[in-house]
Amino acid sequence: MAFDGMMLRLVKQEVERTLVGSRVDKIYQPAKEELILSFRSQRETYRLLLSARAVGPRVHFTELPVENPKQPPMFCMLLRKRIGSSKLIAVRQPGFERVLFLDFEGYNELGDLSVTTLAVETMGRHSNIIMIDAAEQKIVDAVKRISFDKSSVRQILPGLAYTMPPPQVRFPIDGDRGELIETLRSSPRDIELSKLLGETLDGASPILCREIAFFATRGADRLVSELGGEEWKRLRFYLDGLAGVVQNGTPTPTMVLTPQGEPKDVSFVPINQYGSARMTRAYPSIGELLDRFYGEKDAGD
């Protein structure tokens, strides 16, 4: 699914303007790899879903009812102890990496002010939710503990220093798009434009790359060597508009459905690549889009 780095950036913006300064009210762990944090502000209560599922990892506001276990898991109890009643003071995302950091400020057992960070890593089967002591940058615990037996590259265990997942060195959409175009044009790999975009553009999902290529080539996803001056101009025009959407937080949250109404994919821009083979439905926010999409998909499954 298209929960890519750009989608996460838009989620970050929603969470930032809605929750920063709010306090944690309740914490639930309805499933082994999912958390729901309930926040209270002066006027409303919001529920934020954090999911580290291999299929469908994500972060978004939710209104869907969930059944919580009578006995909360150990990670949930530890989280309540660390950030219960704490205030969310910052939401961070390094570049367009699929990692979101939530910083909580509260008082520890000694009555001292401290900061605890939740790192939500949304990277397919490597997804995780990791609790970090911000002062020492050490792992307190994680939804998925990763020992040396499971990974020789990066271990996630209590007491270890937290390190970022290996970065993907690509062009960010808010970088030099002229340089990006030249990199694409001079690529030694003569492959379809959508595939080259997927290998080059940071934080872009397959559906987004196909939509960019669809617009640039007027519907024919051709080899890079086959593109002419008009196609490159149209590509630059679309990339400039896409950068504006991401930078200004002005998405068009869109669900893609089959003709029978089954949810198939999501995007933060209008999707035209399927023609009459798919339907699309717009939503007022990224949070509502993801809530409805995964709610309907889980119910169907």
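Predicted model: local features only at pLDDT ≥ 70, side-chain atom pairs only at ≥ 80, totals over all residues.
The packing of helices can be examined in the pair formed by helix 3 and helix 4. In general, two packed helices are described by the angle between their axes and the distance between the axes. Helix 3 (residues 177–185) and helix 4 (residues 193–200) have axes that come within 11 Å and cross at roughly 125 degrees, which makes helix 3 oblique to helix 4. The crossing in which helix 3 passes helix 4 is right-handed. On the side of helix 3, the residues that take part in the contact are Leu180, Thr183 and Leu184, and these meet Leu196, Leu197 and Thr200 of helix 4. Sorted by class, this contact of helix 3 with helix 4 has 4 nonpolar and 2 polar residues, and no charged residues.

Charged side chains are considered next. Side chains of opposite charge can pair when their charged atoms come close. A search of the whole structure finds 14 salt bridges, one of which joins the side chains of Arg40 and Asp25, with a distance of 3.3 Å from N to O. Arg40 belongs to strand 2 (residues 34–40) and Asp25 to strand 1 (residues 23–31), so this pair ties together parts that are 15 residues apart in sequence. Arg40 is partly exposed, with a relative accessible area of 36%, and Asp25 is likewise partly exposed, with a relative accessible area of 35%.

A further salt bridge is found between the side chains of Arg82 and Asp133, at 3.5 Å from N to O. This pair links distant parts of the chain, with Arg82 in helix 2 (residues 74–83) and Asp133 in strand 8 (residues 128–133), 51 residues apart. Arg82 counts as partly exposed, at 28% relative accessibility. Glu231 forms a salt bridge with Arg222, and in this pair the closest N and O atoms are 2.6 Å apart. Glu231 is buried, with a relative accessible area of 19%, whereas Arg222 counts as partly exposed at 22% relative accessibility; the two residues therefore fall on opposite sides of the 20% limit below which a residue is called buried. Salt bridges also link Arg177, Arg236 and Asp240 in a network.

The backbone has features of its own to report. Most residues other than glycine have a negative phi. Ser85, although it is not a glycine, has a positive phi of about 70 degrees. Ser85 lies in the loop between helix 2 and strand 5 (87–92), where Ser85 counts as partly exposed at 44% relative accessibility. Arg218 is not a glycine either, and its phi is positive at about 55 degrees. Arg218 is placed in the loop between helix 5 (206–216) and helix 6 (229–248), and at 62% relative accessibility Arg218 counts as exposed.

Definitions and conventions: Residues numbered from 1 in each chain as written. Heavy atoms only, no water. Axes fitted to C-alpha atoms, helices over the stretch in contact; angles between N-to-C directions. Helix = DSSP H or I, 4+ residues; strand = E, 2+ residues; numbered from the N terminus. Parallel < 35°, antiparallel > 145°, perpendicular 65-115°, else oblique. Left-handed = near helix turned anticlockwise from the far one by under 90°. Contact = heavy atoms within 4.5 Å. Nonpolar A, V, L, I, M, F, W, Y, C, P; charged D, E, K, R; others polar. Salt bridge = Lys/Arg side-chain N within 4 Å of Asp/Glu carboxyl O. Buried < 20%, exposed > 50% of the residue type's maximum accessible area, 1.4 Å probe, protein only.
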